[in-house]
Amino acid sequence: MELNITCIPGDGIGPEIVREAKKVLDKTAECYGHQMKYTDILMGGASIDVHGVPLTDEAVETAKAADAVLMGSIGGNTTTSPWYKLPPDLRPEAGLLAIRKALNLFANLRPAVLYEELAGACPLKTEISSRGFDMLIMRELTGGLYFGERKTVEENGVRKATDTLVYDENEIRRIAVKGFDIARKRRKKVTSVDKANVLDSSRLWRSVVEEVAKDYPDVALEHMLVDNCAMQLVKDPAQFDVILTENMFGDILSDEASMVTGSIGMLASASLNDTKFGLYEPSHGSAPDIAGKDIANPIATVLSAAMMLRYTFDLDREADAIEKAVKEVLKEDYRTVDIMSEGCTQVSCSRMGDLLAEKICYSKRR
Ligand code: NAD
């Protein structure tokens with residue numbers, strides 16, 4: 001298969017971690033008989049430096065012509081970088097918002113996995129963390145409270161602010177379909193999270209999710225109120241497979257789920273539209289404090305590349321091989337500095353990429 005991928009190395013550690021992800025992808029292509037075709041585009045600070053804007057129309061067109069986008073991270077030190085003296089619509093982050101909009105990315109996927117070897121970084125009690133967890137939060141990204149009408153008025157000397165939370169059934173249906181499709185590739189369980197005891201938008205959410213569930217009799221569906229879900233994430237995270245939820249609830253719950261893994265350099269993410277197209281990127285930022293030192297952890301980006309193989313290209317075997325390589329390298333006690341612990345071997349970003357790449361073909365042979 002030919003895989004046509006647009007890469008956004010971006011800023012800070014972005015170029016370093018994307019380079020390692022490509023190394024692992026190239027090895028995967030070599031072992032499994034695929035051809036990788038990469039086209040790099042500039043975004044964020046790197047684009048500002050060359051073009052004066054964080055994203056050009058040409059870059060958007062290049063991304064649209066690809067099957068998927070693999071991104072590092074964008075942005076600089078928000079206090080010292082000259083990029084943050086620019087008006088907000090010309091700053092690095094404006095490029096990210098613009099590309100998400102141009103590509104119509106409405107579904108955000110954030111896996112939160114607790115690896116046995118990194119269980120020590122989990123802030124939960126050992127009796128909970130020892131059970132491990134592997135969940136995926138599917139968050140609606142373009143509707144709800146963050147996009148509804150808002151206003152602040154003053155009435156009789158009292159300031160009053162209003163935000164509106166609006167969803168139509170089509171917006172709910174398309175994200176629910178994505179959630180159930182993805183659950184089919186995992187452990188076949190969807191927990192739909194809402195606040196249906198209070199909100200009309202949640203009652204509509206719940207009824208549309210139930211309609212969609214009828215087309216997926218092999219996937220178990222449960223409903224959970226958002227306040228209970230926030231508790232369950234720290235009490236019994238192992239119960240979750242796919243958590244399906246609206247924009248604001250997903251924003252909060254996905255950060256909570258990330259925190260309980262305890263390792264920012266390990267967290268992948270994807271944003272999808274209603275085709276197979278997706279933008280894949282680590283959940284962390286551009287870490288300007290460690291940029292150029294070859295010490296960043298590339299695993300979040302490598303795992304984002306594995307998600308790309310699984311969700312855009314349906315190459316599940318190849319994605320499995322990458323995820324397995326990550327587990328094996330951790331099991332052999334290799335660590336980048338951010339996840340280093342006593343008795344382990346500390347390796348650089350590029351060495352971690354080499355170690356992961358070395359495991360790919362080995363995993364196929366067994
Ligand atoms: P950050 O995630 O970049 O860094 C937070 C801390 O975690 C830092 O100490 C950093 O060194 C460390 N860290 C992050 N990723 C790491 C990795 N892979 N390996 C080792 N250590 C890692 O968050 P920040 O410092 O708040 O933001 C820095 C810049 O990144 C800002 O400009 C911000 O706007 C941008 N940002 C971009 C994205 C994105 O591109 N999607 C997301 C978040 C933040």
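Reply: Buried denotes under 20% relative accessible area, exposed over 50%, and partly exposed the range in between, with a 1.4 Å probe and protein chains only. The model is predicted, so local features need pLDDT of at least 70 and side-chain atom pairs count only at pLDDT 80 or more, whereas totals for chains, interfaces and linings use all residues. Residues are numbered from 1 along each chain as its sequence is written, and side-chain values use heavy atoms, with hydrogens and water left out.

Me: Does C229 count as buried or exposed?

Reply: The relative accessibility of C229 is 0%. The cut-off stands at 20%, and C229 therefore counts as buried.

Me: How far apart are the sulfur atoms of C31 and C361?

Reply: By the 2.5 Å rule the count comes to one disulfide. C31 and C361 form a disulfide, with a sulfur separation of 1.7 Å.

Me: How many residues apart in sequence are the parts that C31 and C361 tie together?

Reply: The torsion about the S-S bond of this pair is about -50 degrees, so the disulfide is left-handed. C31 lies in helix α1 (residues 14-32) and C361 in helix α12 (residues 349-365); helices (H or I, at least four residues) and strands (E, at least two) are DSSP runs numbered from the N terminus. The pair therefore ties together parts whose separation in sequence is 330 residues.

Me: Which elements give two or more residues to the shell around the ligand?

Reply: The ligand is surrounded by 22 residues, of which G76, E93, G285, A287 and N297 are the closest; a residue belongs here if one of its heavy atoms lies within 4 Å of the ligand. An oxygen atom of the ligand is 2.8 Å from a polar backbone atom of A287. Taken alone, the ligand exposes 810 Å², and the protein buries 70% of that, with areas from the Shrake-Rupley method. Two or more residues come from β3 (68-73) and α4 (92-102).

Me: What distance separates a polar side-chain atom of E93 from an oxygen atom of the ligand?

Reply: At H284, an N or O atom of the side chain is 3.1 Å from a nitrogen atom of the ligand. At E93, a polar side-chain atom lies from a ligand oxygen at a distance of 2.5 Å.

Me: Where in the chain is A287, which has a positive phi?

Reply: Most residues other than glycine have a negative phi. A287 is not a glycine, yet its phi is positive, about 40 degrees. At 22% relative accessibility, A287 counts as partly exposed. A287 is placed in the loop between β12 (278-282) and α10 (299-311).

Me: What is the relative accessible area of D333?

Reply: D333 is found in the loop between α11 and β13 (334-335). Just after α11, D333 takes a positive phi of about 70 degrees, although D333 is a residue other than glycine. Buried residues of α11 include E318, A319 and L330. D333 itself is partly exposed, its relative accessible area being 32%.

Terms used. A polar contact is a pair of N or O atoms within 3.5 Å; within protein, one must be able to donate a hydrogen and the other to accept it, and residues adjacent in sequence count only if both atoms are side-chain atoms. Accessible areas come from the Shrake-Rupley method with a 1.4 Å probe; for residues, only the protein chains shown count as cover.
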